[in-house]
Amino acid sequence: MSDSPLENMPFDSPLQPVKLSLQDTIQFRCHKDIACFNECCKRIDILLTPYDILRLTKRLELTSNEFLAQYTVPYEIDADGMPGVKIRTADDNLACPFLHEEGCSVYEDRPTVCRYYALGLMAMRKQDSPTDEQAYFLIKEDHCLGHNEPHSLTVDQFRQEQGVDLYDEINHEWRQIILKKRSAGAAIGKPSPRSFQFFFMVCYNLDSFRGFIQSDGFSDVYDLTTGEIDELKTDDVALLKFGFKLLKQVLFGEMTIPVKGDAMQKRVYKRREEIKADPDDPNKDYEGPELI
Ligand code: SF4
Ligand code: SF4
């Protein structure tokens with residue numbers, strides 16, 4: 001079971017070269033009594049989405065820092081170093097750490113990639129297009145006997161069975177940000193190291209992001225009501241969705257969150273002064289817009 005940035009399919013996976021739509025029919029069934037049960041979880045390479053991390057940290061009753069430290073490794077989504085995270089496996093054993101004798105120990109909160117398998121999702125965005133397109137592909141790996149089961153269903157029914165709609169809906173803006181950065185290419189340029197740190201915090205470390213939105217640095221710049229801040233303090237999904245909006249504002253200038261007067265300009269000026277004063281600042285060669 002594998003994942004690449006937006007296509008949960010590895011390059012060495014036996015992908016079927018037929019693009020599937022939601023209405024196309026596949027033959028597949030996975031169940032506890034199948035001879036290959038758990039085989040797909042014994043050699044994994046799984047990228048986690050922001051909502052995957054949110055669900056797993058709640059399930060395991062960990063802080064996001066604890067979860068990241070115990071169960072993940074960093075990963076670069078693209079050549080510019082856009083950060084992602086994968087599930088960590090042992091050096092000598094590629095089995096998923098959530099795999100127990102009786103199966104997946106986090107089944108109700110399993111990641112998006114696990115839900116999609118044996119389908120691969122490919123999200124594409126043409127340059128300057130406001131929307132992305134999705135296509136599905138069947139992944140047929142020798143160890144997976146689910147393809148031999150006499151059970152046919154449409155891609156749409158499979159997605160519903162696996163409960164991926166909610167995951168895709170919440171992660172949609174995250175995928176958009178990655179696709180937009182990729183399709184914009186030189187128009188946006190390489191984000192600064194600080195931008196990548198910010199992206200990492202918003203997408204994967206919600207506890208730190210929650211601390212950030214309660215900081216003076218945030219309230220000096222952004223004009224949110226007390227009610228809005230209170231919701232972000234207590235509602236993880238609302239916080240994640242707000243984070244995606246904030247990332248779009250910071251990275252692409254899509255202004256949807258009210259800013260206080262000229263606070264942003266002052267903040268940018270202050271940051272540039274700080275960077276100038278520190279010859280070792282990793283952002284010193286960066287010419288684009290600054291983070292708050
Ligand atoms: S999270 Fe569960 S379903 Fe996914 S690889 Fe691990 S054990 Fe398998
Ligand atoms: S049928 Fe495929 S997905 Fe299901 S347990 Fe077997 S290898 Fe894994």
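Visitor: In which helix is Pro-50 found?

Guide: Helices here are DSSP runs of H or I with at least four residues, strands are runs of E with at least two, and both are numbered from the N terminus; by that reading Pro-50 is found in helix α1. Before going on, please note that this is a predicted model, in which local features need pLDDT of at least 70, side-chain atom pairs count only at pLDDT 80 or more, and totals for chains, interfaces and linings use all residues. Residues are numbered from 1 along each chain as its sequence is written, while chains are lettered from A and ligands numbered from 1 in the order in which they are written.

Visitor: Is Pro-50 buried or exposed?

Guide: A residue is called buried if 20 or more other C-beta atoms lie within 10 Å of its own, exposed if 12 or fewer do, and partly exposed in between, with C-beta atoms placed from the backbone. Pro-50 is buried, because 23 other C-beta atoms lie within 10 Å. Across the chain of 292 residues, 27% count as buried.

Visitor: Which residues is Pro-50 in contact with, leaving aside its neighbours within four places in sequence?

Guide: Two residues are in contact if their C-beta atoms, placed from the backbone, lie within 7 Å. For Pro-50 the partners, with those sequence neighbours left aside, are Asn-171, Trp-174, Cys-203, Tyr-204 and Leu-240. The C-alpha atoms of Pro-50 and Leu-240 are separated by 7.8 Å, although the two residues are 190 apart along the chain. For the chain, among contacts between residues at least 6 apart in sequence, 72% join residues at least 24 apart.

Visitor: How many helices and strands does the chain have, and what is the order of strands in the open sheet?

Guide: The chain has 11 helices and 9 strands. Two strands pair if DSSP finds at least two bridges between them, and the open sheet of 3 strands runs in the order β2-β4-β3 with antiparallel pairing. Its edge strands are β2 and β3, each of which pairs on one side only. Strand β3 (residues 72-76) and strand β4 (residues 83-87) are joined in the antiparallel sense over 5 bridges; Val-73 has Lys-86 as its bridge partner in β4, and Pro-74 stands opposite Val-85. These two strands form a hairpin with 6 residues between them, and Gly-81 in the turn has a positive phi of about 95°.

Visitor: Where do residues other than glycine have a positive phi?

Guide: One of them is Asn-38, with phi near 80°, placed in the loop between β1 (25-27) and β2 (47-48); Asn-38 counts as partly exposed because it has 16 C-beta neighbours inside 10 Å. Another is Glu-61, whose phi is near 55°, in the loop between α1 (50-60) and α2 (64-71); with 8 other C-beta atoms within 10 Å, Glu-61 is exposed.

Visitor: Which peptide bond is cis?

Guide: The bond from Tyr-117 to Ala-118 is cis, with omega near 10°, and Ala-118 is found in the loop between α3 (112-116) and β7 (119-124).

Visitor: Which residues have the most contacts inside the largest nonpolar core?

Guide: A nonpolar core is a set of buried Ala, Val, Leu, Ile, Met, Phe, Trp, Tyr and Cys residues joined through C-beta atoms within 7 Å. The largest has 52 residues, and those with the most contacts inside it are Tyr-117, Leu-119, Val-202 and Leu-247. Helix α10 (residues 236-252) gives the most to this core, with 7 residues. Domain 1 (25-182) and domain 2 (188-277), whose bounds come from an automatic or database domain assignment, both give residues to this core, so it lies between them.

Visitor: Which residues come nearest to each ligand?

Guide: A residue is near a molecule if its C-beta atom, placed from the backbone, lies within 6 Å of it. Around ligand 1 there are 11 residues, the closest being Cys-41, Cys-96, Leu-99, Cys-104 and Cys-114. Around ligand 2 there are 13, of which Cys-30, Cys-36, Cys-40, Cys-144 and Gly-146 come nearest.
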